[in-house]
Amino acid sequence: MITLHHCVSARSFRPLWMLEEIGLSYELRMLPFPPRVLSRPYLEVNPLGTVPMLTDGAMRMTESAAICQYLAARFSAGQLDVGRGEPDFGPYLNYLHFGEATLTFPQTLVLRYAHFELAERKQPQVADDYAKWFLARLRTLEPLLAGRDHLCAGRFTAADVSVGYALLLAEHLGLAERFTPSVTAYWERLQARPGFKAAMAVQSRAAEAQGVSSTPAPDIRPDRP
């Protein structure tokens, strides 16, 4: 049985979305954010204290893009996965990790220095600079998406899930209004997918059932005593 430890709309939304797209059975364990502070017993499960944490039998993973790659390769070959023999294998891997390393990282600094730090530690210039950093790199997708519905391989893949989460985070930060036209249309298509809608609904129901706030809280907030 697959088990996913998740905070609402954190990076763990990527594997949750993947699980819903594939249609796998899984157990969803909701955690308050940040779990390393508000759910100390979780450190016995994941010493990092971060989400996601996915287990599949004895196998454990904590990196969201890697989990997407694992789920696609193991459970969705030829669909959400792009095989080594396909022409877009390289672009697939690139966009899969582009979503986290290039598009999500700068937004975590916006979150920290514009929203989550104490007033005296906030850095508006840092937040603004990294918002521009994110948007500049996101714009590189504009010519690509002007001519296709998905990032690669002529179909929806785990790469779209990875990049799609970065767009979800940007929406929470109020950056979506600055998306270019083709990126905006792409984001609207992603949100219209049944798998995306199911993942959003599942996390809301699970949060309510397990007594966790449904307020989005991506995994960047500094620890508080």
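Predicted model: local features only at pLDDT ≥ 70, side-chain atom pairs only at ≥ 80, totals over all residues.
Axes are lines fitted to C-alpha atoms, for helices over the stretch in contact, and angles run from 0 to 180 degrees between N-to-C directions. Helices (H or I, at least four residues) and strands (E, at least two) are DSSP runs, numbered from the N terminus.

On the H1 side, the contact (heavy atoms within 4.5 Å) uses Phe13, Arg14, Trp17 and Met18. H8 supplies Ala158, Asp160, Val161, Ser162, Gly164, Tyr165, Ala166 and Leu168. By class, this contact has 8 nonpolar, 2 polar and 2 charged residues. Ala, Val, Leu, Ile, Met, Phe, Trp, Tyr, Cys and Pro count as nonpolar, Asp, Glu, Lys and Arg as charged, and the others, Gly among them, as polar.

## Helix H1 against H10

H1 also packs on helix H10 (residues 194-209), at about 120 degrees with axes 8 Å apart. That angle makes H1 oblique to H10. The crossing is right-handed.

From H1, the residues in contact are Phe13, Leu16, Trp17, Glu20 and Glu21. They meet Gly195, Phe196, Ala198, Ala199, Met200, Val202 and Gln203 of H10. The contact of H1 with H10 divides into 8 nonpolar, 2 polar and 2 charged residues.

## Helix H8 against H9

H8 packs on helix H9 (residues 181-191) at about 105 degrees, with axes 10 Å apart. H8 is therefore roughly perpendicular to H9. Asp160, Val163, Gly164, Leu167, Leu168 and Glu171 of H8 touch Val183, Tyr186, Trp187, Leu190 and Gln191 of H9. This contact holds 7 nonpolar, 2 polar and 2 charged residues.

## Salt bridges

Side chains of opposite charge can pair when their charged atoms come close. The structure has 10 salt bridges (a side-chain nitrogen of Lys or Arg within 4 Å of a carboxyl oxygen of Asp or Glu). One of them joins Glu100 and Arg14, at 2.7 Å from N to O. Glu100 sits in helix H4 (residues 89-101) and Arg14 in helix H1, so the pair ties together parts 86 residues apart in sequence.

## Backbone exceptions

Most residues other than glycine have a negative phi, and most peptide bonds are trans. Ser9 is not a glycine, yet its phi is positive, about 60 degrees. Ser9 lies in the loop between strand S1 (2-6) and H1.

Val51 and Pro52 are joined by a cis peptide bond, with omega about 5 degrees. Pro52 is in the loop between helix H2 (35-38) and strand S3 (53-56).

## Confidence and conventions

The protein chain averages a pLDDT (the predictor's confidence in each residue, from 0 to 100) of 94, and 96% of the residues score at least 70. Over residues 218-225, pLDDT stays under 50. The model has 30 contacts beyond four places in sequence for that stretch.

Local features need pLDDT of at least 70, side-chain atom pairs count only at pLDDT 80 or more, and totals for chains, interfaces and linings use all residues. Residues are numbered from 1 along each chain as its sequence is written, and side-chain values use heavy atoms, with hydrogens and water left out.

Conventions: Parallel < 35°, antiparallel > 145°, perpendicular 65-115°, else oblique. Left-handed = near helix turned anticlockwise from the far one by under 90°.
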